[in-house]
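Here is a walk through one protein model.

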Amino acid sequence: MGGIRSRPAGLGRGGYRGQPMRVVDLDRDMRDVIPTGTTRDSDYLFRRMTDCTLDLARPGPGRRILDVASGFGQDTVALAARGAWAVGAEPSARMTALAALTSAETPGPLPAWVQAWSDPLPFADASFDGVICKGAIDHFDRPLRAIGEMARVTRDGGRVVLAIANFDSLSCRVARATDELREGWLGRSVPRGRRHYDVPSDHFTRYELALMREQASQFLDLEVTCGVSLAWGLPAWTRSVGRLPEPVAQAALEGLDWLARRAPSLADVVVLAGRPGSRSTSA
């Protein structure tokens, strides 16, 4: 759910100090933030992140699954392809329209599309067997309210799944330390532009594992904490894995992913899953 901003209170017309105002670009289509090219490590990361998120939601015939901040809807379509009754909720009018248009050409069951904020979600309590939110919670200006709403609309015994980029990953730590060494100690300049360890301008929260758990556990009884991928974004690693023979590269990526699953604090992405706890949406 990108493009959201909460403006601080300021002086309105006639000197009136107004309340904070939410602003969102309802025509945003995310082509400015989704990379147009891929590398082997990027392709592996996003595929594993998707598979892990969908698997933990346990889609299947008769199960109702909600995809929050569904974007172009590819994950919602994948949930429907696994037999779930899938709903994609997304505030951007353009992305919602594109999702509906492209999914209409997909064989098999079609998801339902709803243009909606994550807080509040326009669904009754306990409406779904599972809710996913992949790669979006750090775009939310009120993440606690959003997680509370996901818990509210999930039935008892259901599951909420959050997939979140880790800005304290091993890759971010190494890249940050390397750049500081080059600039501070060696006096060399680093490449211009945003580094992969910098939080993008359209993110509201810089997440690391402790903060993820702290926020999620206010509304969920966490059952799974899984790391996905290791070393993504390190230029030397990206170049190296791109040059390796395919079987060797795949084995290397899977080996680092095995380590990430066992050390989620160092992983590039963390996937959390849990049952609804508190029904409160206050934050």
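**Sheet, cores and cysteines**

C172 is buried, at 3% relative accessibility. Buried means under 20% relative accessible area, exposed over 50%, partly exposed in between (1.4 Å probe, protein chains only). This is a predicted model: local features need pLDDT of at least 70, side-chain atom pairs count only at pLDDT 80 or more, and totals for chains, interfaces and linings use all residues. Residues are numbered from 1 along each chain as its sequence is written, and side-chain values use heavy atoms, without hydrogens and water.

Now the sheet. Seven strands form an open, mixed sheet in the order β5-β4-β3-β6-β7-β9-β8. Strands are DSSP runs of E, at least two residues, and helices are runs of H or I, at least four, numbered from the N terminus. Two strands pair if DSSP finds at least two bridges between them. β4 and β5 run parallel over four bridges. There, A89 has V114 of β5 as its bridge partner.

Next, the packing. A nonpolar core is a set of buried Ala, Val, Leu, Ile, Met, Phe, Trp, Tyr and Cys residues joined through side-chain atoms within 4.5 Å. The largest has 30 residues. L66, V68, I137, F140 and M150 have the most contacts inside it. A second, separate core of 19 residues includes L54, L56, A57 and I65.

Finally, the cysteines. C133 is buried too, with a relative accessible area of 0%. How many disulfides are there? A disulfide is a pair of cysteine sulfur atoms within 2.5 Å. By this rule the count is zero.
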